[in-house]
Amino acid sequence: MKIIAFAGSNSEVSINRQLVAYAASLFENAEVEILDLNDYEMPIYKHERELNDGVPQLAKDFAEKFDSADLVLLSLAEHNGTYSTAFKNLFDWVSRIPGRSAWNEIPMFLMATASGPRGGQGVLETAVARFPWNGGNVVETFTLPFFGDHFDSEKQKISNAEKDAELKEKVQKVSQLEVLLSK
Ligand SMILES: Cc1cc2nc3c(=O)[nH]c(=O)nc-3n(C[C@H](O)[C@H](O)[C@H](O)COP(=O)(O)O)c2cc1C
């Protein structure tokens, strides 16, 4: 099974990247590729840019990479209750590639973390409500509140036993999805 994992953040020290990398490491017999949004930085979406220059090649490169996955793990950073600008810009450009839906029905395990008590619940709810309109097939979700207290950045794993057990249970559940069993 091929997993593409990435954070909805362009921070070099992204806590969401740390979480999604840990989550990806829990899948057995999987080939994992971790993407960095910084490799797909594009001008802000603008109607005239699209008219004049079309969709940037980087958006198409991202889509091709995305489509190589059997399962996508995405951990969203929450900025002012919603997607980070870096993620939204990529989402917007990918959604403009002619003839495709942005997420192309590939099973997605969505997560979010933040330093506060809601753990990015707001952006996660936004994505869960919106993604199906863009070919999103969200099969599972997970939030990690209080990242600083619940994640051991030295060991790169969740330190809160309850949240760690919850994530592992969800990883098991996703691994057993019929569509992934044959991969
Ligand atoms: C512009 C901005 C807005 C933010 N808004 C929120 C927010 O609405 N809710 C929240 O829990 N954290 C918020 N934060 C804190 C982020 O969740 C925190 O920076 C986190 O590290 C982002 O994840 P990342 O490290 O993966 O980029 C905000 C941070 C920034 C820079």
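**A strand covered on both sides**

Strand β3 has both of its faces covered: L71, L73 and S75 are buried on one side, and V72, L74 and L76 are buried on the other. That's six of the six residues in β3 (residues 71–76), so the strand is largely enclosed by the rest of the structure. Keep in mind that this is a predicted model. Here's a quick tour of the strand, a helix pair and the ligand shell.

**Who pairs with β3**

- Strand β1 (residues 2–8) runs parallel to β3, and the two pair over six bridges.
- Within that pairing, I3 sits opposite L71 of β3.
- β3 also pairs in the parallel sense with strand β4 (residues 107–113), this time over five bridges.
- For V72, the bridge partner in β4 is M108.

**Where α3 meets α4**

- Helix α3 (residues 57–67) and helix α4 (residues 85–94) have axes that come within 9 Å and cross at roughly 85°.
- On the α3 side, the contact is made by A59, F62 and A63, while α4 brings L90, W93 and V94.
- By class, this contact has six nonpolar residues, with no polar and no charged ones.

**Around the ligand**

- There are 15 residues around the ligand, and S9, S14, N16, A77 and A114 come nearest.
- Sorted by class, that shell has nine polar, four nonpolar and two charged residues.

Conventions:
Residues numbered from 1 in each chain as written. Predicted model: local features only at pLDDT ≥ 70, side-chain atom pairs only at ≥ 80, totals over all residues. Near = placed C-beta within 6 Å. Nonpolar A, V, L, I, M, F, W, Y, C, P; charged D, E, K, R; others polar. Axes fitted to C-alpha atoms, helices over the stretch in contact; angles between N-to-C directions. Helix = DSSP H or I, 4+ residues; strand = E, 2+ residues; numbered from the N terminus. Contact = placed C-beta atoms within 7 Å. Buried ≥ 20, exposed ≤ 12 C-beta atoms within 10 Å, placed from the backbone. Pairing = 2+ DSSP bridges.
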